[in-house]
Amino acid sequence: MWVEQGFNPCVASNYFFGLSRCGKPPAAEADMRGSLAAGLKSLLHPAFLKRILEDLLIVITATQAPEKYQEIFDQFGSRVAAQPRWLQSLRQEAFARFAETGFPTTHDEDWRFTNVAAVSKTAFELAGLEHVKQEQLEPFGVSQFASRLVFVNGLFSADLSTLAAMPAGVQVGSLAAQLKNDPASVEPHLGRYLNFQRDPFAALNTAFVEDGICIAVPESVVVKAPIYVLFVTVPGSTPTMNHPRNLIIAGKSSQVTVVEDYVSLGEGATFSNAATELIAADNANVSHYMIVREGDAAYNFSTLRIQQGRSANVATHSLLLSGALVRNNVHPVLAGEGSECLINGLFMANGRQHMDNYMLVEHASPHCDSRQFYNGILNGQSHGVFHGRIIVHKDAQKTDAKQTNRNLLLSDEAQIDTKPQLEIYADDVKCTHGATIGRFDDNALFYLRSRGLAEAAARHVLLLAFANECLDRMSSQQVRDHLEKLVVAGMPEAARFEGERSPEGAERNLEEVG
Amino acid sequence: MSLLEIKNLHASVNGNEILKGIDLTVNPGEVHSIMGPNGSGKSTLAQVLARRESYEVTGGSITFDGKDLLEMKPEDAACEGLFMAFQYPVEIPGISNAYFLRAALNAIRKYRGQDEMDAMDFLPLLKEKMRMLEMDERFLNRPVNEGFSGGEKKRNEIVQMAVLEPKLAVLDETDSGLDIDALKIVAKGVNAMRDKKRSMVLVTHYQRLLDYIVPDFVHVLVNGRIVKSGGPELALELEQKGYSWTEPELVGKR
Ligand SMILES: Nc1ncnc2c1ncn2[C@@H]1O[C@H](COP(=O)(O)OP(=O)(O)O)[C@@H](O)[C@H]1O
Ligand SMILES: [Mg+2]
C-alpha cells in the first residue's frame, strides 16, 4: 500500500568477514534521518532553533538534577527500610550511578533524537498511593480480563485487583509483598539482567525499587488467560513520579501472557519510569504486551529487559498511543541457542507528542531468530523515533535477524527519525533491515473510494490496515481485540486529516541490507 | 433515457491532453467494447469515468443516469452505481477481502437509504459470488489483492462487481493476462450479470474476450478519439487487420 521494495535478505558471511576486528561494520554508522521537513525548511524551523536552545539548557541543568534526587532518595530510604539488605545496596549502587551520569542529553548517541530536558528540569516528587475507586477504572475498558492487577502510582492496590484461579504453583502479585514474604525467591533475579550502567533511567528505576508486578510460573505450567496489569498514574497538584519495577519469571517449558498497560487518571505532569525484567527459561513461551496511553502531560519511560534461555520463544508487543514524551526501550538478549524473539510495535503520535522506540536486540547464542516490526503513524507536529540496534556477538553463528520500520506521516509537520544500527561480530549471520517513510498511497485511496467508501472512511481503512499489520502478529485474540479498539479510538482525528501533498518524494523508501 | 452519455470529452494528465473529444452513448442493458492500441487513452477514459482526480477533464460533459458525473467524487459515482474494474487492481495489505467488500457494500447501501448488512448476512452472499468466479474461500480472509496472481486479482474485481451490482460496469482490460480457463470463468461471471438494465463498457486490447462476451457495439479508440464504431464484426476485422487501417494518418503520427 505504501511504496516499498522487498527486503533482500543477505547472507552476510562474506560481507562481514573479518569485520569483527575493526569492531564496527560500516552499517553501524548508517543513519537515516527521514523528515518531510527536510533540508532548508527544517533548519529554519522554530522547532530546530528551540532544540538548539534546549540542548544548551540541558548541558547546564543535567548536572544539577541528581542533587534534587539525592534528597528524595534519602527520604525514600526510610519508606523502604524493611527491604532486604542486598536490595538496599543494589539501590544505593544504582543511585550512585545515576548521580554520576545525571540525565542523558542529545549528545548521547542513544538519546540523539529525544530531548529529556522537560523531565530533568521538572521537580518531581515521589508519588504515594492515592485512593482510586473501581468505577474510575471503567473507562479503561479492561473488565473483560479475568486476572486484573492494579497498581496506583506504582504501588499495588489489592482492593482494585482481581485474580482468576491459577494453576498450582503460579505466583502473581505485588513485588513489595514478595520481597517481604519470600525475598529469597526474588534475589536471584531482581536486578540481575537490567543494566543500570548503560541507561540513567534504568539506574533511577533501580534506585527507587519498591513495588511492581511479580509473576513466577513454574516449569511446564501453562497459564492460558492473559494476566492484565494496569498501572494507573494519578497526577497530583504538583508533578509526581513513580518507578514501577516488574519481574516476570517463566520457568522451563512454561507459558504465560502478560499485559502492562500504563494509563493516567486525569491530567497533570507525571513521570512514570518503569522497568521489567522478563526471564524466559529454556523452552518457555512468553507473550508480553506493553500499552502506553497516559495523559497529555505525562512522561513515560520504560525498559523491557528480556533474558531468553535455550529455545525460549518470546513475543513482545508495544502499543504507544499517547503521552507527552514516551521512551520505549526493548532489550532482549537471546542467550540460549535456538531462541526466538518477536519485537512488534505500533506507535501513534498526535499533536506535539514525542515517541521514541529504542530497540537493542542482542544475539548471544547460535541459531537464534529475531524479528523486529515497528509501524509508526505520525500526525500533527508529533515526532517519532525508531532506533533499532542489533548486536550479534562473536559466537552467535547462524543468527537470523530482521528489522522493519514503516512509518506513515499524516501531516507536513510530523517527523520521524529512523536509525538502524548493526554490530555484527560473528561471520555467518543473516541480518536485514529496512525502513519506509510514506504518506497515504493515492492509488489505494482511490481504489477504496471507487468502491463507495467516502474519503475519510478510506483513510480510516488504510490506517487500520497499517495498524493491523502489527495487531495481526499478536497471538492472544482477546488482547488483540482489546488493542484494536484502542487503536480505532485513537484514530479518527488522523483519518480526517486533509493536508497538502508534497509533489515529489511523497513516499520514500530507505533500505539497506547489512 | 440513456444510462451514460459522453459528449465531446477532453481530458488531460499532467498537462498532456489524452482524450481529444470522445462521444459515446450507452443505453441500459447494452454492452459496448472499446478497443485500441496501447496508449490510445482507454484507461484514461475508464479512470475519468471512475472520477480519478488526477485526470483533469478540460472539456465536454458526462451524464450518468441523468446526473452530471463530472460533479461526482469517486465514492459518489460508485454509490450512484458505477463500477470500474481496474486494469491493475491495488494491493491493500492488512485489510481482508471480506472486511473491505462489506464496508464498500454498506457504504453504497447507506447512500441508497438501505440498511447496512451484518457479517452474518453478508458472508453467504460473498461466498456465492466467489463460487461463481471459482475463487477459493480462503481468499475471504486474505488481505485485498495482496500476493494474488494477476488472474486472481482480475477475478477478485469481478467478485466485487457481482457483490456491488452496479448499473454500469467499466472493465479495464479484465481479460489481459488471463489464461483461457480464467478467461472463461471471468466471462461466465460477467455474462451472468448481463441483464436488461445493467450496461457494460469492456475496455480490451484483444479481440479474444469478445468471443466469450459478445458486445452489442464495438468502438475503436485511437490517439484519444473514437475513430470507428460498429457491431461485433468490427472486432474481427480489427483482429485480422490490426489497428493501423482505422486512421492511418493519426496512427502514423504517434
Ligand atoms: N498518470 C499518468 N501520467 C502521465 N501520463 C499518463 C498517465 N496515465 C496515462 N498517461 C499517458 O496517457 C496516454 C494514454 O494512456 P492510457 O489511457 O493508459 O492508455 P491505454 O489504456 O489505452 O493503454 C499514454 O500516452 C500514457 O503514457
Ligand atoms: Mg490501459
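A: Helices (H or I, at least four residues) and strands (E, at least two) are DSSP runs, numbered from the N terminus. This is a predicted model, in which local features need pLDDT of at least 70, side-chain atom pairs count only at pLDDT 80 or more, and totals for chains, interfaces and linings use all residues. Residues are numbered from 1 along each chain as its sequence is written, chains are lettered from A and ligands numbered from 1 in the order in which they are written, and side-chain values use heavy atoms, with hydrogens and water left out.

B:Ser43 belongs to helix H1 (residues 42-49) of chain B, while B:Gln87 sits in the loop between strand E6 (82-85) and strand E7 (92-96), so the pair ties together parts 44 residues apart in sequence. B:Ser43 is partly exposed, at a relative accessible area of 23%, and B:Gln87 is buried, at 15%. Here buried means under 20% relative accessible area, exposed over 50%, and partly exposed in between (1.4 Å probe, protein chains only).

B:Ser43 is also one of the residues that surround ligand 1, and others include B:Val13, B:Pro37, B:Lys42, B:Thr44 and B:Tyr55. A residue belongs to this shell if one of its heavy atoms lies within 4 Å of the ligand. H1(B) gives the most to the shell, with three residues. Sorted by class, the shell has four nonpolar, seven polar and one charged residues (Ala, Val, Leu, Ile, Met, Phe, Trp, Tyr, Cys and Pro count as nonpolar, Asp, Glu, Lys and Arg as charged, and the others, Gly among them, as polar).

A polar side-chain atom of B:Thr44 is 2.5 Å from an oxygen atom of the ligand. A polar backbone atom of B:Ser40 is 3.2 Å from an oxygen atom of ligand 1. B:Tyr55 has a polar side-chain atom 3.4 Å from a nitrogen atom of ligand 1. On its own, ligand 1 has 560 Å² of accessible area, of which the protein covers 64% (Shrake-Rupley method, 1.4 Å probe).

Further along chain B, B:Glu134 lies in the loop between helix H4 (119-132) and strand E8 (143-144). B:Glu134 has a positive phi of about 50 degrees although it is not a glycine, and it is partly exposed at 47%. B:Asn145, in the loop between E8 and helix H5 (150-164) of chain B, also has a positive phi, near 65 degrees, without being a glycine. B:Asn145 is buried, with a relative accessible area of 0%.

H5(B) has 15 residues and reaches 21 Å from its first C-alpha to its last, close to the 21 Å expected; the expected span is 1.5 Å times one less than the number of residues. Of its 15 residues, 14 are buried. Just after H5(B), B:Glu165 takes a positive phi of about 45 degrees. In chain A, helix H5 (residues 85-101) is followed by A:Gly102, whose phi is positive, near 65 degrees.

Conventions: A polar contact is a pair of N or O atoms within 3.5 Å; within protein, one must be able to donate a hydrogen and the other to accept it, and residues adjacent in sequence count only if both atoms are side-chain atoms.
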